[in-house]
Amino acid sequence: MTNPIPISTLFIGLSGFIAFALSYMERISTRVWHGGSKEEVATQPNYLDKPSKWAAFVENYTQK
């Protein structure tokens, strides 16, 4: 019995779905959507002013 769908196709599809889901979750958390006006984007909070502990750790680690 042959496999009609190669395993690489399955993983490519799963990777695409995961990327889409993560992108959607990030857009929800930052409230930035396609077609937003410049005023809406300008009034967004700057998450780099008060980064989370994890973001501060990554920033410090990558700047070394």
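Trainee: What makes W54 exposed or buried?
Mentor: Keep in mind that this is a predicted model. W54 has a relative accessible area of 62%; exposed means over 50%, so W54 is exposed.

Trainee: And which label does F57 get?
Mentor: F57 has a relative accessible area of 47%. Buried would need under 20%, and exposed over 50%, so F57 is partly exposed.

Trainee: Why is the pair of W54 and F57 called tilted?
Mentor: The ring centres of W54 and F57 are 5.6 Å apart, with the planes at 35°. Rings pair if their centres lie within 6.5 Å, and stacked needs planes under 30 degrees apart while edge-to-face needs over 60.

Trainee: Where do W54 and F57 lie?
Mentor: Both are in helix 3, residues 53-62, and they are three residues apart, about one turn of the helix. Ring pairs also bring in Y61, so that W54, F57 and Y61 are linked into a cluster.

Trainee: How many aromatic pairs does the whole structure hold?
Mentor: A search finds three. One of them joins F20 and Y24, with 6.5 Å from centre to centre and 20° between the planes.

Trainee: What makes the pair of F20 and Y24 stacked?
Mentor: Stacked asks for planes under 30 degrees apart; the angle here is 20°, so F20 and Y24 count as stacked. Both residues lie in helix 1, four residues apart, about one turn of the helix.

Trainee: Which labels do F20 and Y24 get for accessibility?
Mentor: F20 is at 58% relative accessibility, over the 50% cut-off, so F20 counts as exposed. Y24 has 42%, between 20% and 50%, so Y24 is partly exposed.

Trainee: How do you know that M25 is exposed?
Mentor: Its relative accessible area is 52%, and the cut-off is over 50%, so M25 is exposed. M25 sits in helix 1, residues 7-30.

Trainee: What is the overall picture?
Mentor: The protein has three helices and zero strands, and buried residues make up 3% of its 64 residues. Its accessible surface comes to about 6,400 Å², with 67% belonging to carbon and sulfur atoms.

Trainee: Where is confidence lowest, and where is it highest?
Mentor: Helix 2, residues 38-42, is lowest with a mean pLDDT of 71, and helix 1 is highest at 88. The protein averages 79. Where pLDDT is low, the predicted coordinates should not be read in detail.

Definitions and conventions
Residues numbered from 1 in each chain as written. Predicted model: local features only at pLDDT ≥ 70, side-chain atom pairs only at ≥ 80, totals over all residues. Heavy atoms only, no water. Helix = DSSP H or I, 4+ residues; strand = E, 2+ residues; numbered from the N terminus. Buried < 20%, exposed > 50% of the residue type's maximum accessible area, 1.4 Å probe, protein only. Phe/Tyr/Trp six-rings, centres within 6.5 Å; stacked < 30°, edge-to-face > 60°. Areas by Shrake-Rupley, 256 points an atom, 1.4 Å probe, with all protein chains shown as cover. pLDDT = per-residue confidence, 0-100.
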